[in-house]
Amino acid sequence: MAEVLVYVDHVDGAVRKPTLELLTLARRIGEPVAVALGNGAADTAATLAEHGAAKVLTHDAPEYADYLVVPKVDALQAAYKAVSPAAVLVPSSAEGKEIAARLAVRIDSGIITDAIDLESGDEGPVATQSVFAAAFTTKSRVSKGTPVITVKPNAAAVEAAPAAGAVEALEVSFSEQATGTKVTARTPRESTGRPELTEAAIVVSGGRGVGGAENFPIVEALADSLGAAVGASRAAVDAGWYPHTNQVGQTGKSVSPQLYIATGISGAIQHRAGMQTSKTIVAINKDAEAPIFDLVDYGVVGDLFEVVPQLTEEIEAR
Ligand code: FAD
């Protein structure tokens with residue numbers, strides 16, 4: 001069976017969920033070979049094997065932490081040469097997309113970014129993308145070289161699929177450009193204890209209808225009852241009620257959770273662009289004519305200050 005390289009996103013050996021989702025998709029098109037780099041790379045092996053990695057190629061060196069993406073591109077290219085895969089899959093984070101683009105240029109291949117699904121086809125993997133503010137779904141395949149595909153979080157379910165996961169050391173020699181851009185400082189954001197917005201399985205968002213920063217704890221309480229991330233419309237962000245890092249939409253983040261709950265959000269096209277591919281959409285809005293109701297699976301016409309606390313209470317009671 002053809003091998004499929006999967007770039008592993010991990011933090012000190014803890015594999016992030018989008019990588020496990022990539023393994024699910026990789027198994028549809030071949031045999032996953034994972035590439036884990038940096039501090040804790042070898043510690044990823046057990047988790048990756050549980051989710052279908054036939055092999056785990058690892059390499060650790062200070063360059064991965066000290067410099068921006070080029071050392072990782074060098075390593076992924078080394079893995080590509082060692083394996084000659086049928087495809088290379090990378091999580092669609094900002095860093096993942098840069099790594100994938102640089103690799104595609106180096107190996108003279110086509111690239112597809114932000115895939116939301118992947119299937120095997122007669123002439124190679126076929127990727128589904130959501131385009132033009134999610135108004136259309138396209139299917140495409142790379143027609144030149146080895147397909148390099150970045151996949152959005154929540155594109156597939158995480159599945160247990162025990163495999164060998166044999167760990168092999170990857171041989172990497174860094175290019176001249178590897179040490180071109182040094183990281184001078186890292187400032188971790190204060191943790192809210194909630195999942196990362198773009199990776200969360202559930203997102204609860206608040207809009208102008210929330211009425212002020214002082215009311216956002218209502219939205220946060222519902223999110224916490226569900227283990228969800230908190231999002232916000234641009235109107236709420238522009239008003240200074242919630243940080244820009246939480247903005248969902250065309251000029252914010254694009255999310256694709258299993259469940260998206262919009263509270264006090266009208267459903268403007270620019271907001272929809274960032275959440276329309278969510279699997280199930282629920283809206284709570286007091287205006288029955290709000291455009292958001294055109295795309296929901298479940299809609300509640302009501303005052304969010306009554307509905308949201310009741311919903312939170314009910315969920316917490318279960
Ligand atoms: P509104 O449109 O004002 O809607 C508020 C809703 O709350 C209404 O439907 C109202 O009925 C409801 N409501 C009020 N009170 C209650 C209550 N007590 N209970 C229940 N419901 C209530 N927007 C984004 O979100 N993300 C983006 O990334 C983004 N990018 C943009 C880029 C450009 C170039 C432009 C031009 C615009 C962009 N916008 C974006 C803005 C977008 O057009 C809308 O203005 C914005 O999404 C509106 O936010 P909202 O739905 O919170 O507010």
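Helix 4 (residues 70-83) and helix 5 (residues 94-106) cross at roughly 50 degrees, and their axes come within 9 Å. Axes are lines fitted to C-alpha atoms, for helices over the stretch in contact, with angles from 0 to 180 degrees between N-to-C directions. This is a predicted model: local features need pLDDT of at least 70, side-chain atom pairs count only at pLDDT 80 or more, and totals for chains, interfaces and linings use all residues. Residues are numbered from 1 along each chain as its sequence is written, and side-chain values use heavy atoms, leaving out hydrogens and water.

**Helix 4 and helix 5**
- The crossing of helix 4 and helix 5 is right-handed (near helix turned clockwise from the far one by less than a right angle; anticlockwise is left-handed).
- Helix 4 brings Val 70, Lys 72, Val 73, Asp 74, Leu 76 and Gln 77 to the contact, and helix 5 brings Glu 95, Ile 99, Arg 102, Leu 103 and Arg 106 (contact: heavy atoms within 4.5 Å).
- Five of these residues are nonpolar, one is polar and five are charged.

**Helix 6 and helix 9**
- Helix 6 (residues 216-226) packs on helix 9 (residues 304-317) at about 25 degrees, with axes 9 Å apart.
- That angle makes helix 6 roughly parallel to helix 9.
- Their crossing is left-handed.
- Residues in contact include Ile 218 and Leu 222 of helix 6, and Phe 305 and Ile 315 of helix 9.
- The contact of helix 6 with helix 9 has nine nonpolar, two polar and one charged residue.

**Second largest pocket**
- Its lining has 27 residues, with Arg 208, Gly 209, Gly 264, Ile 265 and Ser 266 nearest the centre.
- By class, the lining has eight nonpolar, 14 polar and five charged residues.
- Helix 7 (234-238), helix 8 (269-272), strand 15 (280-285) and helix 9 each supply at least two lining residues.

Conventions:
Helices (H or I, at least four residues) and strands (E, at least two) are DSSP runs, numbered from the N terminus. Angles under 35 degrees count as roughly parallel, over 145 as roughly antiparallel, 65 to 115 as roughly perpendicular and the rest as oblique. Ala, Val, Leu, Ile, Met, Phe, Trp, Tyr, Cys and Pro count as nonpolar, Asp, Glu, Lys and Arg as charged, and the others, Gly among them, as polar. On a 1 Å grid over the protein atoms alone, a cavity is a set of points where a 1.4 Å probe fits but cannot get out, and a pocket is an open set with protein on both sides within 12 Å along at least five of seven lines; lining residues have an atom within 4 Å of a point.
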